[in-house]
Amino acid sequence: MSSAIVVKGLIKTFFIRAPVSGFIGTMKSLFSPKISEQKAIDNISFEIKRGEKVAFIGPNGAGKSTTIKILTGILYPSEGHVEVLGLVPWQKRDVLGFKIGTVFGQRSQLWYHLPASDSFSLLSKIYEIPKATYKKRLHELIAIFELEKLLAKPVRQLSLGERMRCELCASLLHKPEILFLDEPTIGLDLNAKLQIRTLLNRLSLEQKTTLFLTSHDTADIEQVSERVLILDKGELIKDSTIYDLKKTYMRKKIVTLITEEEKISFTIPGVTPLASPPFHFICEIDLAIQPIEKVIQKALEVANVKDITIEDPSMEEIIRDVYAAKV
Amino acid sequence: MLQKFNKYAAIFSLTFNQGLKNYKLLFGLSLFLITCLIIFAHLWKVAAIRTHTDFNPETLLWYIAFNEWILISIPEVQKEMQEDFQSGRLAYLLPRPISYLGAVFAEGFAQLVLQLVVLGSVTFLFAFLWTETFPLTFLQFALMLLLGLCAGILGLLLQMLIGLSSFWLHDVTPVNWVWEKLLFIFGGLILPLSAYPLWLQKVAALTPFSPILGGRSGLIFGFDQSQIFSLFGLLALWFIIGSIALKLVYRRGLKILNISGG
């Protein structure tokens, strides 16, 4: 499998005018501004294979947007080497534009007062898609995204979920080899989120599109991607498959016991009781200290247990642990 | 080449359709324009009686009509550009295989054409009904319309230049405000440029404001064919200067984006 994205030793430094206060300070800064250096990306390297589904995550200001802007050719790096589909993005932005697609959850590429089909037709011209190819491709995407009933409606009348399906379709008309998704499920309800994630997986499976996803919703990461790149303060702190990430950081389990007794309590090392409703006992088990069987054994000794549920910690907690480990 | 042209033509056609669907805006602009014309019509009637000016109030209303028609038709693309820069939408638009400036121009041009057609119909019908005169021959009127279109295009280009100041400023409103006032004064929005002191007329002639508004509409007071050619020439010259400035400022802006971040 060849590489879709290659990033080696990428550094991006911005030079920002330092803010000043007061009238005198403002006047002074007009003539001799204080410029401060800010490293937005600090020596990151990674490689993404064609067809991979990668989540690119990090807190606000971690350097995600800057990296995406470099990968799409909007910004050029201060140092380092970047190749996207064999092209240097900022040198060949025009050519690369035909091979990549972008979906930004908070921005629309559809024309508000017109039906989505009009926007699709415009995009087919922007991407210079021959008419017959466009028709075939649109037909294909309409089937995947179930858009038949939405095409004639003005975009302003679509729900957010419907609009996002149209946005995805619009980004895929020119059959991009890589799709950059920035918060694709932001603001959507649970059903719409699930639908978008299912569609993205189907897209990856059927069309072999490389997905490069940034999201603050850990469910997007867990349900769509197979690999995660975690960025913090411009540094790449983790590059791992979701499976390995869980294996490494899943040192805790949440156990819920439904008991005949209204309230039970027991103390053993490595077990932290959590807030529980009546007839429930919920606790977090640190597997490094206490094996799960011992805890259940102890619970059976002190109570009549009717049901047991064992849960993994959420992806959010795992990511929090990754950041904590870095600190 | 044809494919490239098709892209911009498609944007033009889509914006035009969207503009038609958004008829409430056109209705609002028409209403505003008629209100302005009614106010000026009364103002000039009173001024003509009191000051015994050489300008006849009916012709003056036509003069203002030709000015307001262009002024209100020029789309405020600078607001959308500011939004593109500040919301980060620019990052979304730039990777597309289409020129950002070209796309903004095609969009603005479609809005301009639509507004010129709708507001032109409203303005000239109103001026005709109000004054019960039509001061031009059919050919002269057609030439005035063509000049108006060219003036609108130049106005659009200059609004784009204001929009580009978003690379440096958080809000382009003050720049636009100053620009508008200069246009009102040096363009002779409500007072024909020929009524200005000679030195001010000379200064106004050196700016792009005069051919956009008063220099062009002033033909209503005495249609001179040689002036038509010089006005077309002036508009073309300012268009070339504006286009070069637009390209240079845009390039500089993108550089700033790379140095200071978005």
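# Briefing: Charged Residues and Layout of Chains A and B

B:Lys7 is a buried residue, with a relative accessible area of 3%, where buried means under 20% relative accessible area, exposed means over 50%, and partly exposed lies in between (1.4 Å probe, protein chains only). The structure is a predicted model, in which local features need pLDDT of at least 70 and side-chain atom pairs count only at pLDDT 80 or more, while totals for chains, interfaces and linings use all residues. Residues are numbered from 1 along each chain as its sequence is written, chains are lettered from A and ligands numbered from 1 in the order in which they are written, and side-chain values use heavy atoms, with hydrogens and water left out.

**Salt bridge between the chains**

- The side chain of B:Lys7 meets that of A:Glu128 in a salt bridge, at 2.8 Å from N to O; a salt bridge is defined as a side-chain nitrogen of Lys or Arg within 4 Å of a carboxyl oxygen of Asp or Glu.
- The pair joins two chains, because B:Lys7 lies in helix H1 (residues 2-21) of chain B and A:Glu128 lies in the loop between helix H4 (116-126) and helix H5 (131-145) of chain A.
- Helices (H or I, at least four residues) and strands (E, at least two) are DSSP runs, numbered from the N terminus.
- A:Glu128 is partly exposed, with a relative accessible area of 25%.
- Side chains of opposite charge can pair when their charged atoms come close.

**Salt bridges within chain A**

- Over all chains, a search of the whole structure finds 15 salt bridges.
- One of them pairs A:Arg163 with A:Glu167, whose closest N and O atoms are 3.3 Å apart.
- Both A:Arg163 and A:Glu167 belong to helix H6 (residues 160-172) of chain A, where they are 4 residues apart, about one turn of the helix.
- A:Arg163 is buried at a relative accessible area of 16%, and A:Glu167 is buried at 1%.
- A further salt bridge connects A:Glu284 with A:Lys252, with 3.9 Å between the closest N and O atoms.
- This pair links distant parts of the chain, 32 residues apart: A:Glu284 is in strand E12 (residues 280-286) of chain A and A:Lys252 is in strand E10 (residues 252-259) of chain A.
- A:Glu284 counts as buried at 18% relative accessibility, whereas A:Lys252 is partly exposed at 30%.
- A:Lys193, A:Arg197, A:Asp217 and A:Asp220 are joined into one network by salt bridges that share partners.

**Overall layout of chain A**

- Chain A contains 11 helices and 13 strands, and 50% of its 327 residues count as buried.
- Along the principal axes, the C-alpha atoms of chain A fill a box of roughly 70 × 60 × 45 Å.
- The domain assignment, which is automatic or taken from a database, gives domain 1 (3-246) and domain 2 (251-311) of chain A.
- The centres of these two domains, taken over C-alpha atoms, are separated by 43 Å.

**Further features of chain B**

- B:Lys247, B:Arg251, B:Arg252 and B:Lys255 form a patch of positive charge on the surface; patches are made of residues with over 30% relative accessible area and no salt bridge, like charges being joined within 9 Å and nonpolar side chains (Val, Leu, Ile, Met, Phe, Trp, Tyr) within 5 Å.
- B:Lys247 lies in helix H12 (residues 225-260) of chain B and counts as exposed, at 54% relative accessibility.
- B:Asn6 is found in helix H1 of chain B and is partly exposed, at 33% relative accessibility.
- B:Asn6 and B:Ser87 are 81 residues apart along the chain, and their C-alpha atoms are separated by 28 Å.

Methods: Accessible areas come from the Shrake-Rupley method with a 1.4 Å probe; for residues, only the protein chains shown count as cover. Lys and Arg count as positive and Asp and Glu as negative; His and the chain ends are not counted. The place of a charge is taken as NZ of Lys, CZ of Arg, CG of Asp or CD of Glu.
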